[in-house]
Amino acid sequence: MAAKTHRTAAQPTVLSARALNRATLDRQLLLHRSPASAKDAVAHLLGLQAQNTKPPYFQLYARLADFDPEELSALMESREVVRIVTLRSTLHTHTADDALTLRPLVQAARERELKNFRRGLEGVDLDRLAAMAGELVVERPRPVKELREELLAHWPDADPLALTVAARCLLPLVQVTPRGMWGRSGQVALTTVEHWLGRPAEPVPAPDATVLRYLGAFGPASVMDFQAWAGLTRTKEVFERLRPRLLTFRDERGVELFDLPDAPRPDPGTPAPPRFLPEFDNLLLGHADRTRVIPAVNKGRNGVGNQAYGSVLIDGFFDAVWRVEREGGTAVLTVQPLRNLVRDEREEIIEEAARMLAAMTDAADHDVRFGTFLDYGD
């Protein structure tokens, strides 16, 4: 009688933090600057974090060859990209197409967010509020203060902040230009994305396509990574449905990671040039486990309290913070390292900082310094 043979399934390849770092940097266009257009880059990255007006421009400068801020500004003016609350209930700059699909995908999560404001919304008919706010902002873009006052007139006992949050959660509101345009300013004024773009939003899509795009921009990644990025829950079944189309790996903690078969996974030894990222760059927020970019020792060191600063990637990892101030006609960029730097690292940082100041400021003179401006209270 022949002896039985026992086959063991091949174990998934383990990817080190450095291997994950290089793969993610490549897909984030941070390992090599891309010749892509600003619009194509915004689409590839599934949007740019845009809590403040300038960070989207600095995000693209760090990623694109010969980036001109006016290119993104023109896209905003022509309504090819918009500023809208989507992922993680955070304002993002998205292409028009993504604004019409990603917002419906996360709409249920935005409505669940209102549970946090239920005390301030007692007695408020949310359906009526949504209808009323929609009519107001379609009539003409409304400044936030004006919209709040109109709603308070109907619900004077409600919490003013809760009313405006409810409008933002219930309706897909965009910030209209000139807000967010390069070199221009304007107060926040809101209308619906459908009105601004002149076309309806898409029906709520299945998340499958978004998962695949996420892996193309942030992978290899786990189910929890995707959920942290999107602000969604219960997406494991989506990954299981897609499993036959994907490769699987493990990280050094044993967590299963999914990836596109043809996605780049560079050698972990691939050089990574320094990059200056603005506050809240999605690279730093796009995973549940952020150690592929943020060393454990530097967790939470992008700022203090509510004040966030830019992050410097050194050899691919967050190892310094930065800020720019004006001293007369000089733009002064200060880098605060979070570890000891060797001379070559300092020289590369100075060169990259000088290029950024020349491209992204209108100052006549530039100065790059190493110093301490952030007190962590250690």
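**Exercise 1. Trace how the ring pairs of W229 are built within the aromatic cluster of Y214, F218, F226, W229, F239 and F258.**

Solution. The model is predicted, so local features need pLDDT of at least 70 and side-chain atom pairs count only at pLDDT 80 or more, whereas totals for chains, interfaces and linings use all residues. Residues are numbered from 1 along each chain as its sequence is written, and side-chain values use heavy atoms, with hydrogens and water left out.

Begin with F218 and W229, whose rings lie 5.9 Å centre to centre with 45° between the planes, a tilted pair (ring centres within 6.5 Å; planes under 30 degrees apart are stacked, over 60 edge-to-face, the rest tilted). F218 belongs to helix α10 (residues 208-218) and W229 to helix α11 (residues 223-230), so this pair ties together parts eleven residues apart in sequence. Next, F226 and W229 have ring centres 5.7 Å apart and planes at 40°, so they too form a tilted pair; both lie in helix α11, three residues apart. Finally, F226 and W229 are both buried (under 20% relative accessible area, with a 1.4 Å probe and protein chains only), and F218 is buried at 0%.

**Exercise 2. Which side chain makes a polar contact with that of E279?**

Solution. First locate E279 in the loop between β10 (275-277) and β11 (303-304). E279 is buried yet has no salt bridge, the nearest side chain of opposite charge, K54, being 9.5 Å away (a salt bridge needs a Lys or Arg side-chain nitrogen within 4 Å of an Asp or Glu carboxyl oxygen). The side chain of N52 is the partner, joined to that of E279 by a polar contact of 3.1 Å (N or O atoms within 3.5 Å, one able to donate a hydrogen and the other to accept it).

Definitions and conventions:
Helices (H or I, at least four residues) and strands (E, at least two) are DSSP runs, numbered from the N terminus. Buried means under 20% relative accessible area, exposed over 50%, partly exposed in between (1.4 Å probe, protein chains only). Lys and Arg count as positive and Asp and Glu as negative; His and the chain ends are not counted. Rings of Phe, Tyr and Trp (its six-membered ring) pair if their centres lie within 6.5 Å; planes under 30 degrees apart count as stacked, over 60 as edge-to-face and the rest as tilted.
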